[in-house]
Amino acid sequence: MSPLVHNNPWETLRLFTAARIALGRTGSSLPTDELLRFGLAHAQARDAVHQPFDSDALETELHQMGLETLTVASAAPDRATYLRRPDLGRKLSEESRESLHSRAREASDIVLVVADGLSSKAVHRQAVPLINALLPYLRTLELTLGPVVLAHQSRVALGDDIAQVMKAKAVAILIGERPGLSSPDSLGIYMTWGPHTKRLESERNCISNVRPEGLDYPQAAFKLAWLLEQSFHRQLSGVNLKDESDNPALHNKVVPTFTLG
């Protein structure tokens with residue numbers, strides 16, 4: 001009697017990737033266990049989108065690192081509106097804008113924004129270790145760091161709005177990426193030189209898939225520091241600033257603490 005489940009000959013390759021490969025088949029359908037795994041991964045991705053952003057817990061961790069924080073919200077009043085109206089997630093609420101103006105201080109070189117985006121799970125897991133890995137580089141570059149801004153219901157462009165109000169020369173927003181079926185906790189970083197609300201997407205640099213299973217914290221922090229050094233030197237960001245951080249000939253003050261592969 002032939003087996004009910006026919007395994008894929010590539011099955012051993014599943015040991016080396018989280019991608020959905022070599023699923024096998026039962027007749028013309030997926031095996032039941034693979035269908036259940038797909039359902040679980042889909043549920044985890046949905047949960048990541050809707051999980052509330054616990055900015056208070058992050059605030060406590062950042063304060064323990066000696067960092068000052070501010071908390072703001074976008075113009076999207078709740079999660080449902082945020083998901084339906086991306087435009088509202090790109091600008092500050094009037095209350096948050098007034099709060100930032102009222103707490104105006106000397107402008108800093110860079111502002112870090114920690115934003116929930118489409119996966120607060122990613123922010124909860126990855127943001128603090130990444131910032132911890134980045135701080136030594138900022139000290140090496142002698143860049144002044146403003147308060148870390150924790151942003152609710154945020155899209156990427158909200159970082160530019162925040163940094164413009166705070167008069168920062170550059171901004172890096174650490175934001176939860178759209179969850180995938182194998183990566184519900186992936187963090188993205190978007191860096192902009194001279195941030196303002198009219199910036200185009202092409203004027204930002206992106207570092208994606210920051211998590212231990214993807215681009216780990218030391219590598220992500222080094223890439224961001226390298227881009228910041230080049231951005232301050234050339235006074236630009238985006239498509240005109242290519243990531244060549246893997247070329248030791250282009251290392252200046254910022255050098256990796258790990259061996260480049």
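I began with the largest nonpolar core, which has 42 residues. A core here is a set of buried Ala, Val, Leu, Ile, Met, Phe, Trp, Tyr and Cys residues joined through side-chain atoms within 4.5 Å; buried means under 20% relative accessible area (1.4 Å probe, protein chains only). Val 114, Leu 130, Ile 189, Val 210 and Leu 228 have the most contacts inside the core. Among the elements that each supply at least two of its residues, I noted helix H5 (120-141), strand S5 (187-193), strand S6 (204-210) and helix H7 (217-234). I took helices (H or I, at least four residues) and strands (E, at least two) as DSSP runs, numbered from the N terminus.

The model is predicted: local features need pLDDT of at least 70, side-chain atom pairs pLDDT 80 or more, while totals for chains, interfaces and linings use all residues. Residues are numbered from 1 along each chain as its sequence is written, and side-chain values use heavy atoms, without hydrogens and water.

Next I looked up Val 210. Leaving out residues up to four places away in sequence, Val 210 touches Leu 130, Ile 189 and Tyr 217, among others. Contact means heavy atoms within 4.5 Å.

I then turned to the pockets. On a 1 Å grid over the protein atoms alone, a pocket is an open set of points where a 1.4 Å probe fits, with protein on both sides within 12 Å along at least five of seven lines; lining residues have an atom within 4 Å of a point. The largest pocket has 15 lining residues. Ala 18, Arg 20, Arg 37, Leu 181 and Ser 182 lie nearest its centre. The lining of the second largest pocket includes Tyr 82, Arg 155 and Glu 177.

Notes
Buried < 20%, exposed > 50% of the residue type's maximum accessible area, 1.4 Å probe, protein only.
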